[in-house]
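Have the structure open and follow along.

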Amino acid sequence: MSERVLQILIEAFPKILIPCLKVTIPLTICSFLLGLILALFLALVQIADMKGLKQFARFYIWIFRGTPLLVQLFIVFFGLPSLGIMLDAFPSAVIAFSLNLAAYNAEVIRSAILAVPEGQTEAALMVGLSYPQLMARIVLPQAGKIAFPPLFNSLIGLTKDTSLASNITLIEMFSVAQQVAARYYEPFALYCEAAVIYLLICTLLTWLQAFVEKKMTCEKPVQVEE
């Protein structure tokens, strides 16, 4: 590596890191939390077999799992203005990422709920728990442990997918890397620097996932005596 390239990387590092802290990470957190809430709703209406809502949930999941995320971003940011709905780049990205993530995580949560032994739910109903109490006290705590690894994997994947937001003019980490690369004519080195930052973030998340999973395995499972 030449001295010029090294100097460029040193100067570019804070320029790339700042939008990572101010935009990329907040975008990831907001999108994941909103998507998780929507995914839980979609999973519960399917488990409860709520007429109308169950069909809506299945249709929603079919649409968002069957179309590319980039297309969904373009529809929200470039398409909605034709309907009179004007959104800035950041909320557009949050909406698109949340809606997409919810479709995948809804199936993760639904599968985790179905994996809870039926004996637990039957015993809970026999001791007089209502359906909301059953879900809150018995089913969801156990399903949460089952769903945690794939849900956290989706968080790591979302962290990398936020780079797609540069296509809708959002000034996040990757778009800044593109701008700096165009200015210095060193795309390989600068894109590698951006990749290293993404790698560091995802590595920290992987360590956090392993730590939480270890803590969860040490906890006693929630059970109801029959």
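Let's begin with helix 3, where Leu 69, Gln 72, Leu 73, Val 76 and Phe 77 are buried (under 20% relative accessible area, 1.4 Å probe, protein chains only). They lie on the same side of helix 3 because they cover an arc of only 115° around the axis, taken from the directions from the helix axis to the C-beta atoms. An α-helix has 3.6 residues a turn, so residues three or four places apart point the same way. The buried residues of helix 3 pack against helix 2 (53-66), helix 4 and helix 6. Helices here are DSSP runs (H or I, at least four residues), numbered from the N terminus.

This is a predicted model: local features need pLDDT of at least 70 and side-chain atom pairs pLDDT 80 or more, while totals for chains, interfaces and linings use all residues. Residues are numbered from 1 along each chain as its sequence is written, and side-chain values use heavy atoms, without hydrogens and water.

Two nonpolar cores can be compared (buried Ala, Val, Leu, Ile, Met, Phe, Trp, Tyr and Cys joined through side-chain atoms within 4.5 Å):

| Core | Size | Residues, among them |
|---|---|---|
| Largest nonpolar core | 42 residues | Ile 16, Leu 27, Ala 93, Phe 97, Leu 170, Leu 190 |
| Another core, apart from it | 24 residues | Leu 42, Ala 106, Ala 112, Ala 124 |

The residues listed for the largest core have the most contacts inside it. Leaving aside neighbours within four places in sequence, Ile 16 is in contact (heavy atoms within 4.5 Å) with Met 173, Val 176, Ala 177, Leu 190, Glu 193 and Ile 197.

Key:
Buried < 20%, exposed > 50% of the residue type's maximum accessible area, 1.4 Å probe, protein only. Helix = DSSP H or I, 4+ residues; strand = E, 2+ residues; numbered from the N terminus.
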